[in-house]
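Subject: Structure for you to look at

Hello,

Here is the structure I promised to pass on. Please open it first, then read my notes below.

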Amino acid sequence: MSKKRIFSGIQPSGALTIGNYLGALKNWVQLVDEYECIFSVVDLHAITVRQDPEELKQRCMALIAQYIACGIDPDKCTIFIQSHVPAHAELAWILNCYTYMGELERMTQFKDKSSRHADNINAGLFTYPVLMAADILLYQTDLVPVGHDQKQHLEICRDIAERFNRIYGPVFKMPEGYIGKMGARVMDLQNPEKKMSKSEPQGSIALLEDPASAVKKIKRAQTDSLGYVKYEEGRLAMNNLISIYGAVTGKTADEIETEFTGKGYGDFKKALAEAVQAELSPIQAKYKELMASPHYLQEVYRKGARYAASIAEETKRKVYEKVGYILG
Ligand code: TRP
C-alpha cells in the first residue's frame, strides 16, 4: 500500500521562532518516515505583505537550510520552493473562480492582517486562502499538519474542493487536518495569551537566536506569583514554559512537576534555558554549515521542484480538461 501524502508549507517572511520549531518542524521530522511528505517554502504567499527582494531571496535559502538543519531529511521527502512550480499560481487562478467573496471575507486571518497592514490591503491578501487551497489540492494531499491559526484555511480548502468535485466529478482528494501528537502551541514569553510571533522580539526566541540572548529572554519570561512549577489550568505563563520544556526534553508535565518539587522559578528557568540551548546549538551549527553550501541547497530545491511539478502538472491537466480548456 502506498504511503499517505502530507503537504505543508512555511512562508519565508521572517525568522522562524522556537514556536515554529516545536509546533511544526520538529514534528515533521518524524512524519517523513511514515508518510510521503512534501514541504514547501511558500514564497508566493510571502508577497501578500511587502518584502524586500534581496531579503526574500536570502530568507528562502535560509528557510530551506533551516528545514534540513532541524532534521528534515531531503533524501526522504520533497523540499521545494513554491514559485518554482507554476501550477500553484495557475490552479489558484482557477480556484479563485470557484470561491465566493463572502467566504473569503469571513477569514479571520484576512481581517487580522488587513487591520495590521491597513496601508496595503491587496487582492492577494484577500485570496491568500485560495492559493493555499491550490497548494494542498495539487498534490492530492491526504493530510495537512496545520496549526490552530490555519484551521479555517484548511476548511475553506475543503469547501472549494467539494464544490469543484460536485460540479465536475471527483478531481481533488479531500484533505484532512493531521492530528497526531502534534507539538506544543508555544505562546509569547511576555504575553502568554498570544501565540509566539517573530514580530514580538521580547516575547519570542528565534531558532537561530544567539544563545546568550535566548537565555536572557527565558530569564525575563513572565511567570506568576504562585512559586511552584506545576501545569495547572489558568496558569498561562507557567504552562507555556512547562510545555516548552516538555517539548524540548520529551518529559511529561508530571515528570517536570516532580523534577522541580521544592524548587523555585530560578532553578526551573535555568534548566529550561540549558535545555533550549542544548536543542538549538546543533541546529544552528548545521544551519551554518548548510548556508556555506549553496550548491547543495540548490540541488535539494531543484530536485524537489522537479518531483513536485510532476505531480502538480498531472492534477492541473485534469482540472484543465474538466474546465474545458484545450490542452496545449
Ligand atoms: N498559510 C500557511 C501559514 O501561514 C502556510 C501555507 C501556505 C500552508 N500553503 C500551505 C500550510 C499549505 C499548509 C498547507 O502558516
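Helices and strands here are DSSP runs, numbered from the N terminus: a helix has at least four residues, a strand at least two. Counted this way, the protein chain has 13 helices and 5 strands. Keep in mind that this is a predicted model.

**Overall shape**

The radius of gyration of the protein chain is 21 Å. The globule rule gives 20 Å for 328 residues, so the chain is as compact as a globular protein of that length. Along its principal axes, the C-alpha trace spans about 75 × 45 × 45 Å.

Of the 328 residues, 49% count as buried. The accessible surface comes to about 16100 Å². Carbon and sulfur atoms make up 53% of that surface.

**The cores**

In soluble globular proteins, nonpolar side chains tend to be buried together. What does that look like in this model? The largest nonpolar core has 63 residues. Those with the most contacts inside this core are Leu25, Trp28, Phe39, Tyr67, Ile72, Ile244 and Phe268. Helix H12, residues 265–291, gives the most to this core, with 11 residues.

Leaving aside neighbours within four places in sequence, Ile244 is in contact with Ile18, Leu22, Val186, Leu189, Leu272 and Val276.

There is also a second, separate core of 39 residues. Among its members are Phe7, Tyr98, Leu125 and Ile136.

**The cysteines**

How many disulfides are there? The count comes to 0. A disulfide needs two cysteine sulfur atoms within 2.5 Å. The sulfur of Cys37 has its closest cysteine sulfur in Cys77, 6.2 Å away, so the two are too far apart for a bond.

Best wishes

Terms used. Residues numbered from 1 in each chain as written. Predicted model: local features only at pLDDT ≥ 70, side-chain atom pairs only at ≥ 80, totals over all residues. Heavy atoms only, no water. Core = buried A, V, L, I, M, F, W, Y, C linked by side-chain atoms within 4.5 Å. Buried < 20%, exposed > 50% of the residue type's maximum accessible area, 1.4 Å probe, protein only. Contact = heavy atoms within 4.5 Å. Rg over C-alpha atoms; globule rule 2.2 N^0.38 Å. Areas by Shrake-Rupley, 256 points an atom, 1.4 Å probe, with all protein chains shown as cover.
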